[in-house]
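Hi,

Here is the structure I said I would pass on.

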Amino acid sequence: MGVKRPWLTWVLVAGLVSVFAGARIFAGMEVLDTLLVVVGVAAVGTAKALRALSWRAADKDARGMETVFMLGYAGCALALVGFAPATEFGVNLLGLEFDAARAELRFKRFFLVGSSILLVCSLLPVLAAQWAVSKGGSAGAASVDTLRVRRTAGGALSASFLALSLIFIGYITTEFNRSADFSYNKTAMPGESTRQIVLNMDGPLRAALFYPEVNEVKDQLLDYLNELARTTGKVVIEEYDRFVDIEAAREWQAGGQGSLYLGRGEDAKESIYVGLDIDDARGSLRVLDSQVHEKLLQLSRERRSVYLTTGHGELNDPLALEEPGAGPRPNPGEFYGPQLPLQELREWLAVLNYRVSDIGIGEGLADAIPDDAAMLMILGPQRPFYEPELDAVRRYLDRGGSLLLALETGSEFTLDGLRDYLPFDFEPAMTLHDQAHLPSSNPSLADRRLIHTQRFTTHPSVMTASRSGGATLLVGSGSFAEGDEIPGISTQVTIESALGSYADLNGNYTFDDDTEERGLYVLGVAVEREEPMGAAGDDADTGMRLLALADAEMFSDQALNRPNLNRFVLLDGVRWLDQEEAFIGGIVSEEDIPVLHTREENVVWFYAIIFGAPGALLALGLGMIYARSKQGVPEPKASSS
C-alpha cells in the first residue's frame with residue numbers, strides 16, 4: 001500500500017505559484033493577472049478535492065499517510081481563502097466599509113499575515129512528506145512508511161516555526177528602528193561626472209597634496225587621485241611636505257598641512273582641506289568626490305546663476321507655508337528646519353558651481369529674467385503667474401532660455417500662459433500605485449501617493465538614473481498627456497510611472513475600475529527648440545530647453561536626502577538644461593549611497609532572501625532526518641498465527 005496520486009502535490013504547488021504570479025508579479029495586467037489567479041485557485045481546489053477522495057478510499061495502513069497530506073492540502077486551501085480579505089476584491093466582495101483608512105489597513109494585514117503563516121506551516125510539511133514518500137518502503141512496510149512520513153512532516157513543521165520566528169524577530173528589530181555603523185572608513189571614488197570634467201579640460205589637472213610623508217589620510221587621497229589619473233590619463237599628482245618643500249608651498253599658497261590643492265595652468269587653483277587625523281577626516285573623505293567635482297567646475301568655467309521664482313506658493317517660498325490654500329505642505333520645523341526652503345537643492349546646485357537666487361515681483365520678475373540666468377526654476381507654484389511675469393518668462397524662453405518646471409496636484413497654476421512652448425497637458429489627478437509605493441512611518445492608504453519608478457528613457461536628463469537601475473521617488477505626482485503639436489519644438493518623455501499605476505480621479509486612494517484605468521503614466525517630459533525665436537540678428541546660438549516634471553516635492557529636502565535617484569534626476573536635468581551633456585554622470589558619495597541593482601537583480605535578490613534562507617534551513621533539516629533514517633529502520637514485527 002502507498003499514497004495514491006503523488007502528482008497532486010505538484011498540482012497544488014503549481015496552483016499556488018499561479019495565484020502568486022497573478023496577484024503580485026503580473027498585478028495590473030488585468031487579463032493575465034485574473035486568468036492566473038482563477039487557474040491557480042481551480043488547481044488548488046481540484047487537488048484538495050482529489051486528495052479528499054484518496055484519503056477516503058485509503059485503508060487503515062495508508063490512511064495515516066493520507067491524513068498528513070489531507071491536513072496540509074486543507075491548510076493551503078484555507079490560506080488561499082484567507083488571502084482574499086487582504087485584497088480590494090475581497091473587501092468589496094464582503095461588503096465591508098471602514099471609517100478610517102488605517103482600520104482597513106489593519107484588517108487587510110491581519111488576514112495577509114495570518115494566511116501567510118498558515119500557508120508556510122501547511123505547504124512545507126506537505127513537500128517534506130512527499131519527499132519521504134518518494135523514498136518509499138517495501139511493499140509490506142506501510143506502518144514504517146507512515147512513521148517516516150509523520151516524522152519528516154513534523155520536522156518540516158518545526159523548521160517552519162523556526163523560519164517564522166526569524167521573520168518576527170526581523171519585524172521587531174525594524175520596529176525598534178535601531179542601527180549601528182561598523183564601517184571603519186571608506187573614501188568615495190571618482191564619479192563619472194568628475195571624470196568627464198577632467199577629460200574635457202584643455203590641459204592636465206595638477207593635484208598637490210601637502211601632508212607628512214607617512215599619513216593615513218594622505219593614503220586615502222592618493223587612492224582617489226590614482227584612480228582618477230588611471231581613468232582619465234590627465235592628472236599629475238604632486239606630493240609635498242609643507243615644512244620641507246618651501247617653494248612648492250609658496251607656489252600653491254599652502255598655509256599648512258592637511259590640504260589637497262587642484263590646479264589648472266599657473267594661476268587657476270582651488271583647495272580642499274581634509275585634515276591630518278583619520279578620525280576627523282572620515283566625513284570629508286566620504287564626500288570627497290562631490291568636493292572635487294565642485295572645485296573642478298570652478299576651475300573649468302565661471303560661476304553661473306540659477307533663479308527660483310517665488311511669490312506664487314512655490315516650494316522655495318517660505319511665506320507659502322503659512323498661507324491658506326497653499327496645498328498639503330509640511331510644517332517648516334518638521335521639513336525644512338531653520339534653513340532656507342529647498343536647502344538640499346541649493347547645496348547640490350552649489351556643487352555644480354551655480355549661484356542660487358530667488359526672484360519674485362520685488363526682484364524684477366515682472367520686468368525681465370536677468371541676462372545672467374543660466375536657467376529658471378518654477379517649483380510647485382500654487383497660484384497663477386501675473387501676465388507681466390508670464391511675459392518675462394516667455395521673452396526669456398524666446399531668447400533661448402532654459403526652464404525647469406515642476407508642478408503640483410491641487411494647484412491653481414495652469415499651463416495656459418505657456419501654451420506656445422508646451423505641447424502637452426498636465427493632468428492634476430494624483431498618480432497612485434497599489435504596490436510600487438513607499439510605506440510611511442504611519443501606514444495608510446495615502447502611502448500609495450509615495451510612488452517610485454524605474455522607468456527612465458535614454459534622454460540625457462535621466463541618463464545616470466537610467467543606467468543605475470534604481471528608483472526615483474515622487475510624492476503625490478500628477479501626470480502629463482499629449483497635447484497639440486507645436487512646429488519647431490520636439491518633445492521626449494523622460495520618466496514614466498510603474499506598470500499598473502492609475503490616476504486617482506476621486507481622491508479616495510483606491511482604484512475604481514469603472515472610472516479609472518491602470519497603465520503607464522508620463523511623469524517627466526523634455527522639450528527642446530533648436531533655434532531661439534527671433535535669433536536672427538542676435539548673438540544667441542542655442543535654442544530653448546525646458547524640463548517638465550509632474551511632481552515638485554521630488555526635489556524637497558526629504559526626498560533628496562533619501563537613498564533614491566532623485567539627486568541624479570536633479571543633477572543630470574540641470575546639466576542638460578545648461579547645455580553641459582558632456583559632464584552628465586553620477587557624483588559618488590559614501591555618506592549616503594544606495595546599493596543599486598537592475599530590476600532583474602532586485603527580483604533575484606528578493607526571492608533569494610525570502611525563499612532561499614528558509615529553503616536552506618529546510619534542506620538542512622531534511623538532510624539530518626535522511627542521515628538518521630539511513631542508520632537503520634526497525635523491521636516490522638511478524639504477527640504470530
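I'll start with a helix contact: S290, H293, E294 and L297 of α11 meet W348, A350 and V351 of α13, where contact means heavy atoms within 4.5 Å. Sorted by type, the residues of this contact of α11 with α13 are 4 nonpolar, 2 polar and 1 charged. For those classes, Ala, Val, Leu, Ile, Met, Phe, Trp, Tyr, Cys and Pro count as nonpolar, Asp, Glu, Lys and Arg as charged, and the others, Gly among them, as polar.

Before going further, the ground rules. This is a predicted model, with local features needing pLDDT of at least 70 and side-chain atom pairs counting only at pLDDT 80 or more, while totals for chains, interfaces and linings use all residues. Residues are numbered from 1 along each chain as its sequence is written, and side-chain values use heavy atoms, with hydrogens and water left out.

Back to the helices. Two packed helices are described by the angle between their axes and the distance between the axes. Here, the axes of α11 (residues 288-300) and α13 (residues 343-351) come within 8 Å and cross at roughly 55°. That makes α11 oblique to α13. The axes are lines fitted to C-alpha atoms, for helices over the stretch in contact, and angles run from 0 to 180 degrees between N-to-C directions. As for the wording, angles under 35 degrees count as roughly parallel, over 145 as roughly antiparallel, 65 to 115 as roughly perpendicular and the rest as oblique.

The overall picture: the chain has 18 helices and 19 strands. Both are DSSP runs numbered from the N terminus, helices being H or I with at least four residues and strands E with at least two. Of the 641 residues in the chain, 47% are buried (under 20% relative accessible area; exposed is over 50% and partly exposed in between, with a 1.4 Å probe and protein chains only). Among contacts between residues at least 6 apart in sequence, 73% join residues at least 24 apart.

Next, the aromatics. Rings of Phe, Tyr and Trp (its six-membered ring) pair if their centres lie within 6.5 Å, with planes under 30 degrees apart counting as stacked, over 60 as edge-to-face and the rest as tilted. By this rule there are 9 aromatic pairs. In one of them, the ring centres of W252 and Y261 are 6.2 Å apart and the planes lie at 55°, so the pair is tilted. W252 is buried at 2% relative accessibility, and Y261 is buried too, at 9%. Both belong to an aromatic cluster made up of F210, Y240, W252 and Y261.

S259 also touches F210, along with A208, L209, Y211, I272 and Y273, not counting residues up to four places away in sequence. S259 is in strand β3 (residues 259-264) and is buried, at 8% relative accessibility.

Two arginines sit over rings. The rule asks for NZ of Lys or CZ of Arg within 6 Å of the ring centre and within 35 degrees of the ring normal. R51 lies over the face of F69, 4.9 Å from the ring centre, and R301 lies over the face of Y354, at 4.9 Å from the ring centre.

Now some backbone angles. Most residues other than glycine have a negative phi. N353, which is not a glycine, has a positive phi of about 70°. N353 is in the loop between α13 and β6 (354-359) and is buried, with a relative accessible area of 3%. Q579, in the loop between α17 (566-577) and α18 (599-629), has a positive phi near 60°. Q579 counts as partly exposed, at 32% relative accessibility.

- A27 is in the loop between α1 (8-25) and α2 (30-57). A27 and L499 are 472 residues apart in sequence, yet 8.7 Å apart in space, C-alpha to C-alpha. Leaving aside neighbours within four places in sequence, A27 contacts G22, D33 and Q435.
- T310 is in the loop between β5 (304-309) and α12 (332-336) and is buried at 15% relative accessibility. Beyond residues up to four places away in sequence, T310 touches N316, D317, D358, I359, G360 and E363.
- A446 is in the loop between β10 (430-432) and β11 (450-453) and is partly exposed at 24% relative accessibility. A446 and G476 are 30 residues apart in sequence and 9.2 Å apart in space, C-alpha to C-alpha.

Cheers
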